[in-house]
Amino acid sequence: MVSSLSLSGCALRRELVGANATDIDGKFYRGVLCSSRVSKQFLVSRSVCSFSDRVLQARFFSNGKSLRWDCDGNRFLGNGVHCCALSTENHNSSFAIGQKFQLEDVIEAQQFDRDILSAIFEVAREMENIEKNSFGSQVLKGYLMATLFYEPSTRTRLSFESAMKRLGGEVLTTENAREFSSAAKGETLEDTIRTVEGYSDIIVMRHFEGGAAKRAAATAGIPVINAGDGPGQHPTQALLDVYTIEREIGRLDGIRVGLVGDLANGRTVRSLAYLLSKYQDVKIYFVAPEVVKMKDDIKDYLTSKGVEWEESVDLMEVASKCDIVYQTRIQKERFGERIDLYEEARGKYIVDRNVLSAMQKHAVVMHPLPRLDEITVEVDEDPRAAYFRQAKNGLYIRMALLKLLLVGW
Amino acid sequence: MVSSLSLSGCALRRELVGANATDIDGKFYRGVLCSSRVSKQFLVSRSVCSFSDRVLQARFFSNGKSLRWDCDGNRFLGNGVHCCALSTENHNSSFAIGQKFQLEDVIEAQQFDRDILSAIFEVAREMENIEKNSFGSQVLKGYLMATLFYEPSTRTRLSFESAMKRLGGEVLTTENAREFSSAAKGETLEDTIRTVEGYSDIIVMRHFEGGAAKRAAATAGIPVINAGDGPGQHPTQALLDVYTIEREIGRLDGIRVGLVGDLANGRTVRSLAYLLSKYQDVKIYFVAPEVVKMKDDIKDYLTSKGVEWEESVDLMEVASKCDIVYQTRIQKERFGERIDLYEEARGKYIVDRNVLSAMQKHAVVMHPLPRLDEITVEVDEDPRAAYFRQAKNGLYIRMALLKLLLVGW
Amino acid sequence: MVSSLSLSGCALRRELVGANATDIDGKFYRGVLCSSRVSKQFLVSRSVCSFSDRVLQARFFSNGKSLRWDCDGNRFLGNGVHCCALSTENHNSSFAIGQKFQLEDVIEAQQFDRDILSAIFEVAREMENIEKNSFGSQVLKGYLMATLFYEPSTRTRLSFESAMKRLGGEVLTTENAREFSSAAKGETLEDTIRTVEGYSDIIVMRHFEGGAAKRAAATAGIPVINAGDGPGQHPTQALLDVYTIEREIGRLDGIRVGLVGDLANGRTVRSLAYLLSKYQDVKIYFVAPEVVKMKDDIKDYLTSKGVEWEESVDLMEVASKCDIVYQTRIQKERFGERIDLYEEARGKYIVDRNVLSAMQKHAVVMHPLPRLDEITVEVDEDPRAAYFRQAKNGLYIRMALLKLLLVGW
């Protein structure tokens with residue numbers, strides 16, 4: 001038996017609460033309860049909690065503490081939210097949800113399937129339309145994000161901090177998180193996380209070691225977002241790439257994508273290839289200098305998933321066929337002393353006015369930025385240059401993730 | 001003759017004002033006036049200003065400027081707050097306060113006596129219960145804290161910044177304050193303070209020189225909190241330690257405390273010993289490797305205050321007797337080239353499962369963090385491991401101090 | 001034909017919108033529309049938009065996007081603001097503005113004429129009276145400023161960030177912006193600006209290269225403020241200097257100004273001399289050690305503008321004649337290995353109690369800070385020591401500029 005509920009009362013100025021509900025069978029539901037500002041009464045909106053007959057096990061996203069919640073009208077006093085359930089009714093249909101997934105942490109691109117991606121993108125679209133000082137722009141008011149960066153990455157950090165602040169949240173910043181665990185002091189990552197989770201509601205972490213984000217998430221009682229861990233994952237970049245394709249081309253099935261440049265070392269293109277395999281009838285072209293060709297593991301993976309792929313040395317021809325030309329930077333630091341190899345690779349495939357002229361009208365050029373001269377400046381003026389819009393999409397994706405992790409759908 | 005007052009009007013959205021009142025005899029009172037949001041009328045809450053018959057000399061915490069305030073109904077226009085006194089009545093009892101002390105700066109542990117500690121802890125307890133987006137969470141709205149760090153201390157800085165933001169305040173951050181007074185430029189600390197006080201309402205300062213906080217406070221017209229100055233003081237750490245003992249054990253009189261580890265160099269344990277001397281019937285056990293034994297000055301001080309103490313080499317026995325086992329890190333940097341002495345000292349007293357098993361059920365393990373291996377990870381799971389709760393208590397103590405310094409009781 | 005308009009509706013909590021209007025002749029107008037909170041209806045205040053008969057081309061300051069706006073009652077949905085025009089009337093006089101100038105960016109002192117300075121100073125005066133948590137203190141609520149510092153300048157950064165937060169705005173901070181364009185990655189300034197403008201509403205930039213601010217402003221679709229670019233400009237310092245003279249002396253025409261110290265290298269005194277030439281009957285005295293005398297270009301410029309100037313070696317005499325004694329620091333770093341020349345220049349002209357005693361009662365001492373010993377500490381106590389008030393004025397000038405650039409007059 002499943003019930004729905006309506007809430008009222010609540011602390012002054014409360015506008016939004018998020019809760020998880022577990023029913024007696026152990027199923028989890030997530031709900032967002034919004035207040036109507038006029039009546040000062042909480043009305044259920046967007047989606048609601050379903051729960052078992054008398055007891056709701058609610059976990060509030062802000063602090064990860066579990067709270068017992070007596071459903072038949074008694075008050076409950078949470079750590080962070082104070083409400084009372086005014087009435088409960090048995091209900092089975094319209095209010096029952098459960099079809100939405102649970103987003104606990106963002107650790108790696110592999111955790112997302114097609115449905116989840118689609119759901120996140122829907123929220124990102126809403127984010128694009130949030131107006132300054134509107135209700136939506138205050139959805140994370142009172143929430144505190146810690147940006148725990150073990151190595152500086154100004155671009156990524158500013159994007160996350162902007163996302164948090166655009167939603168009314170606040171930020172604690174550190175770009176010298178290494179000091180926490182300096183050689184001299186030797187604190188473990190786990191201990192650092194246990195300290196920082198006491199100060200904040202969500203942790204955005206950049207680390208120099210692969211797997212660090214997973215360790216942090218395993219320790220933290222609050223959500224963790226991986227903002228890049230060593231050579232490993234940078235899942236928000238992967239999400240914003242796919243989101244940009246959908247926004248620019250209008251679909252993800254049936255697309256033709258040219259991946260150009262450093263395909264051996266770029267985690268961006270590797271993650272993108274991985275995520276594209278979730279869609280129907282995708283064809284991928286690899287265009288890379290010999291020394292930085294796409295590695296076999298991804299090729300084999302694509303083949304196993306039935307994704308068609310092809311290597312090419314002719315950028316012009318690929319450009320003419322593709323919906324997306326995804327250019328990447330040849331990373332000098334990967335070549336060590338072999339500057340000669342770097343210089344050779346670097347000049348080989350440039351996206352310029354000629355490439356543009358070969359491209360179809362609806363096609364776009366993408367790039368994860370920063371760029372050097374692998375896309376010439378003259379391309380910027382063309383409406384098909386999508387890379388700055390792509391960077392901006394990173395903001396919307398991060399807004400969406402912060403909202404989903406902190407207050408749910 | 002003392003009067004009470006009620007206020008109304010006030011600038012749009014005003015919710016909280018703090019004022020000092022001086023009566024004709026020159027006595028100072030501090031009050032917090034809260035608005036009721038419903039009536040838009042200011043009601044006196046928590047504590048109020050008493051003042052002399054016709055004239056209130058009000059100092060607003062945010063800017064330190066003195067304002068004349070005509071009490072019989074005339075408007076007054078402050079620098080920061082705009083109100084008018086609607087009515088005044090003569091009153092002697094319930095509204096008259098003055099029994100609360102004046103907290104101007106937080107410079108050193110020695111400034112606090114037992115009553116003040118108790119009062120601060122009471123406010124810290126309230127802080128534990130502040131709910132997201134509640135009235136209490138906005139108590140420092142509009143206030144600006146400058147974190148002026150002459151050396152980085154990410155842990156302390158994040159704790160203060162979280163405290164400020166949890167109360168609705170804003171933060172200006174600098175971890176490279178040394179640049180202000182670089183060798184090349186040579187600005188004095190006093191000049192820096194005079195500049196920064198123009199930008200903010202309160203200064204939280206970390207400095208590499210002992211006594212710097214006292215100098216800053218002597219210069220500043222706004223409150224200063226010492227977040228550690230050189231080998232000298234770190235008073236908020238001392239406060240949070242005592243607060244944690246009270247929260248965990250339920251009392252401060254009649255406790256048995258084992259101080260373990262580096263007792264010679266750790267300013268933490270030295271301050272703690274100092275503060276514990278203010279309580280009745282405290283017994284302290286020192287358990288330290290030979291090279292880092294507690295120094296005579298503290299032992300003599302305790303003796304002079306009638307505090308019983310004892311040195312021991314048997315951690316198991318001490319653990320079985322104590323309410324608190326306060327472990328500390330052996331600081332490698334203190335040993336210079338004598339790595340051999342460091343290694344010997346370091347491994348000597350470890351808190352592990354065996355020590356836990358000797359401890360009483362109600363006793364707890366504390367540690368100022370970061371820890372290395374002087375507490376083994378297996379201890380973390382035991383409910384008596386209080387060190388992460390202790391770190392969190394630092395947040396509440398700092399919230400309490402910020403509130404007290406900026407808007408008063 | 002020009003029309004006025006009234007607006008209503010608008011997103012919940014909207015309090016302030018700013019718009020540019022273009023009439024059919026291509027003229028631009030800027031307006032600020034404030035809501036009355038009581039009626040929840042937008043009323044035109046301060047200044048309004050005029051516009052052509054049926055079509056208003058509105059650009060919102062926050063994002064730089066152009067929006068078509070149908071004036072006869074139809075909705076329009078902006079990127080950042082959502083309103084509908086309820087009624088339009090033909091109108092020619094009281095609402096028509098256009099007499100206010102358009103402030104797009106703040107790049108160099110030369111961009112300001114006397115009228116603009118006067119208008120900015122008027123706004124700065126308003127800023128001095130903004131009360132904590134008042135309506136005015138929320139005028140930039142929802143706006144996000146990026147401080148993009150390619151070299152650290154804590155003093156300037158904190159001043160800007162304080163200004164933004166005092167007006168209710170939020171800040172994204174970076175003091176290591178060089179990382180964006182590190183040698184290894186090689187991103188252009190233009191690309192960095194295009195990325196950062198996606199995250200923020202205004203950019204405050206400090207750069208190590210002269211001309212960088214101009215390049216940034218040419219690229220950005222949002223306002224840029226130059227917070228110092230190399231040996232070039234630092235226009236907000238120049239503005240706050242002139243503002244301080246007006247505040248302290250009460251006028252800018254007919255003043256006598258002594259510029260003392262390093263006149264060869266200090267961009268401050270050079271900019272100040274430049275701006276003072278815009279006023280009537282100004283006389284400037286140069287008092288500098290031989291090695292750092294004022295250069296001919298400024299002297300020639302002043303002569304060409306009819307500004308009287310004179311060189312002197314007698315600080316006491318100059319002090320007795322001047323309204324302002326503007327002291328500056330001899331910058332050691334300019335002398336390279338010639339420490340002897342530095343030491344000689346440095347001790348030559350000190351403002352001390354003797355100089356004070358020669359000064360007139362209404363005259364003041366200014367200094368851009370930081371100071372070393374070119375003003376002795378004993379001077380600080382004298383009410384004529386204006387340098388800390390001058391630093392504080394920097395806050396008000398920056399508040400004024402942020403307001404003007406983001407929401408207009």
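Reply: Buried here means under 20% relative accessible area, exposed over 50%, and partly exposed in between, with a 1.4 Å probe and protein chains only. This is a predicted model, so local features need pLDDT of at least 70 and side-chain atom pairs pLDDT 80 or more, while totals for chains, interfaces and linings use all residues. Residues are numbered from 1 along each chain as its sequence is written, chains are lettered from A and ligands numbered from 1 in the order written, and side-chain values use heavy atoms, without hydrogens or water.

Let's take β16 of chain C, residues 324-327 (strands are DSSP E runs of at least two residues, numbered from the N terminus). C:Ile324 and C:Tyr326 point one way, C:Val325 and C:Gln327 point the other, and all are buried.

Now the partners (two strands pair if DSSP finds at least two bridges between them). β13(C), residues 256-260, runs parallel to β16(C) over four bridges, with C:Val260 standing opposite C:Gln327. β17(C), residues 364-366, also pairs with β16(C) in the parallel sense, over three bridges. There, C:Val365 is the bridge partner of C:Val325.

For contrast, look at A:Thr173, which sits in β10 of chain A, residues 170-174. A:Thr173 counts as partly exposed because its relative accessibility is 23%. Beyond its neighbours within four places in sequence, A:Thr173 is in contact (heavy atoms within 4.5 Å) with A:Thr147, A:Arg157 and A:Glu161, and with B:Arg157 and B:Leu158 of chain B.
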